[in-house]
Amino acid sequence: MKFETLAIHAGRRIDSGTSAVMPPIILSTTFAREPDGSMPHGYEYTRSENPNRTALEQCLAALEGGAAAAAFASGQAATLAVLQTLASADHVIIPDDVYFGMRELTQHVLRRWGLQATAVNMADLDAVRAAVRPATRLIWAETPSNPLLTITDIEGVAAIAHEAGATCVVDNTWASPVGQSPLQLGADLVMHATTKYLGGHSDLLGGAIITRQEDELFSALQTIQKAGGAVPSPFDCWLLLRSISTLPYRVAAHTANAQRVAAFLHDHPRVVAVYYPGLPDHPGHAVAARQMRLFGGMMSILVQGGAAEAIAVAGRCRLFTRATSLGGVESLIEHRATTEGPNSKAPQNLLRISVGLEHADDLIDDLAQALA
Ligand SMILES: *Cc1c(COP(=O)(O)O)cnc(C)c1O
């Protein structure tokens, strides 16, 4: 079935107890056994399995074309679970432009466990190849990356990983499963902060790992998920599944708006650079056009001046809300270096923009007056 159909039907079924068309939220933490001790529906205890989480995981696996999925309480919990499958002294390659929290986990939290991490420019496959060591077990890609929207050739990185006997993971949060299918391009695992486009309304926190095959690595991940317990609540699973029904239409509209906003900003005299893969002069445009179906709703810009000028532009916005995060129906703008704090590598004059689903004319008017 096509994506739009899967988004509405995968993981859903009419409730057998009540015939409810929309699934009930099963808040019960525990499930009754039969007199012989068996569990008729396979559910025992909600940390291990819950009907709302099962439905969500089936849907996420279908949307990414994977064999199975594991849902987590946040994107970071999903990322941490992947890193926890590694042994101490294993080596990981990460992008030099990557979600700030990922860099924090590898460089501060897991360094104490002996994990080695090298950050490279993943737009450069030779740099990725040169960073491979005998101990390399994982290559983590994020494309488009955060906050510079660097594009990584997923097929190329997956081939390097497999040659080295390593796993290739792609953080597909920004593209969403509508925009890009990393498993079809050779990645072994896809990670999502479902907090973003999948949730789509800035009202739930969640993460997920989707696997190409149900192998030993995925079963290790499930053990970390169930024993570690960083699982989403039944209500968050239900809310997320509800949002996913409209995902393809939302991402298409986010992209159409972003294309218009990017074209406006590209020609603005007070904007020094626009990082949006849908612009033909973006250095990753050719690779993005090959591996992405839609370029998505995220972009960053450099404004003339430094931090003060960038913060002032955001300060004059009336329709864009000054806030971190992304993927919601409302447009957001943030001075990324302020959000990331003293360890940030984001340029001081960079503003990160999540283009929402308001009318593009109103978004452009707001940016025009803020930049004037
Ligand atoms: C937000 C985000 C994360 C982390 O997700 P949380 O749900 O906030 O833990 C990871 N990667 C990317 C690209 C993100 O945008």
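Residues are classed by relative accessible area as buried under 20%, exposed over 50% and partly exposed in between (1.4 Å probe, protein chains only). The model is predicted, with local features requiring pLDDT of at least 70 and side-chain atom pairs pLDDT 80 or more, whereas totals for chains, interfaces and linings use all residues. Residues are numbered from 1 along each chain as its sequence is written, and side-chain values use heavy atoms, without hydrogens and water.

Glu44 is partly exposed, at 37% relative accessible area, and Arg33 is likewise partly exposed, at 45%. Their side chains form a salt bridge with an N to O distance of 2.7 Å, a salt bridge being a side-chain nitrogen of Lys or Arg within 4 Å of a carboxyl oxygen of Asp or Glu. Across the whole structure, 10 salt bridges are found.

Helix 10 (residues 247-266) and helix 14 (residues 360-371) have axes that come within 9 Å and cross at roughly 30°; helices are DSSP runs (H or I, at least four residues) numbered from the N terminus, and axes are lines fitted to C-alpha atoms over the stretch in contact, with angles from 0 to 180 degrees between N-to-C directions. The two helices are therefore roughly parallel, a term applied to angles under 35 degrees. A salt bridge of 2.9 Å (N to O) joins the side chains of Asp361 and Arg260. Because Asp361 belongs to helix 14 and Arg260 to helix 10, this pair ties together parts 101 residues apart in sequence. Asp361 is partly exposed at 36%, as is Arg260 at 39%. Salt bridges with shared partners also join Glu334, Arg336, Glu340 and Arg352 into one network.

Terms used
Angles under 35 degrees count as roughly parallel, over 145 as roughly antiparallel, 65 to 115 as roughly perpendicular and the rest as oblique.
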